[in-house]
Amino acid sequence: MGLLSSNVSITRYQVLGQLTDPLMDNLTRLLTQNAIVEIDDEDMDQSAGWTSFEDPFTPDFTGSTFVMGSQFIFSFRMDKKAIPSKVVNKRYRQTITKRLKECGKDFLARNEKKQIKEDVIRELSLRIPATPNVYDVLWNYEKKSLWFFSTQKTANEALEIFFTKSFKLNLVRRFPYTAALESLTNFEEDMLNRLTPSHFME
Amino acid sequence: MLDISVAYNRYKFVGYEFLTWLWYVIEHDPAQLNHVIKENIIFTIGNRIKLQNAVHDAVETITIKGDDAGLEEGVLALKKGALVTEIHLRVTEAENEWQFTMKGESLNICNLRLPETGQIENKDDKEGAVLEKFFLHEKIMGWVDAVYVFFIKIRISPEWNDKVIPQIKKWIQQ
């Protein structure tokens, strides 16, 4: 789901800390270093990384293409291969039958079965393309604010971990308590910390 | 500052009270919102409200949805001690309308529909479209944030117990 979609969901964050100077060079370098790695021809089952807003399937951060107005705009892509368990089971059973016939045994050792299962999954991983999920990111560096165009728990958790890993900066999610702190004095913050739920029924 | 995950769970109720208060203000004192935002905009309740009652050990969830749904059941749920956990809102400024669902525990904006914007016909249009969308997103976020700041200042003041709670109780009991 992206910024240009007709229907969007947004999680807002505060960014703690700053990148070192020169800002643009460092940001370009960190985005490129942590760009999504294609796994279609690999035996990996998932991958996550930054990609271009303009073309999420061809990551390219050269020439400050991620700068728009006063914002940095790029995307977070999560690719995952979903291999149906029934397909894994079918290939596993077929391989076991073939192996038993080849070696003339009645059964295989546990380790051998485990190895066969791993080989089947690896073989299928190479043949099944990953399903990409692309989420846009708008980072207002001056205001230390970041908008992430998803409210899915898994996507948000992955973003928080990957952002910290990439930039060595922490994201603080905006929710009732943190949003309140943005506008309160220290005295008012104490009052907020002492709040207890109200009851509107008689 | 408290640990973030502790604060998230401990202060969910502030978000629920915000949405409950917002429903009351939209129905009974919408001019307050114009005063806060200082622009001529209209907040209306959309087609969905979700409430939760956790007064007793069991958690009860009540969802009211439908374009012409009456909200009496929701008021009844408030009377039994429930609070609003999600609300669908329409915000109108002249010809423009924003629609979205706001979640109390996170203040996340979900399923946001912006006013109509121009079609993207070529690559050059894209930057303009992004800036236009961003402007419209920022506008609605700014209004929602201003209303939340207004609420939180009241919530921590004596006005909350002395004036607002009695007003909301009166509305619920009517």
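Predicted model: local features only at pLDDT ≥ 70, side-chain atom pairs only at ≥ 80, totals over all residues.
Residues are numbered from 1 along each chain as its sequence is written, and chains are lettered from A in the order in which they are written. Local features need pLDDT of at least 70 and side-chain atom pairs count only at pLDDT 80 or more, whereas totals for chains, interfaces and linings use all residues.

Chain A is divided, by an automatic or database domain assignment, into domain 1 (11-82 + 129-181) and domain 2 (85-127). The C-alpha centres of these two domains of chain A are 39 Å apart.

The contact between the chains (C-beta atoms, placed from the backbone, within 7 Å) involves 33 residues from chain A and 40 residues from chain B. Helix 5 (123-155) of chain B supplies the largest share of the chain B side, nine residues. Strand 1 (residues 8-16) of chain A pairs with strand 5 of chain B in the antiparallel sense over two bridges; pairing requires at least two bridges found by DSSP. Helices (H or I, at least four residues) and strands (E, at least two) are DSSP runs, numbered from the N terminus. Within strand 5 of chain B, B:Ile109 stands opposite A:Ile10.

The largest nonpolar core has 69 residues. Such a core is a set of buried Ala, Val, Leu, Ile, Met, Phe, Trp, Tyr and Cys residues joined through C-beta atoms within 7 Å, where buried means that 20 or more other C-beta atoms lie within 10 Å of the residue's own. Among the members that touch the most others are A:Phe74, A:Phe148 and B:Leu19. Beyond its neighbours within four places in sequence, B:Leu19 contacts B:Val84, B:Ile87, B:Met102 and B:Gly104.

Methods: Buried ≥ 20, exposed ≤ 12 C-beta atoms within 10 Å, placed from the backbone. Contact = placed C-beta atoms within 7 Å.
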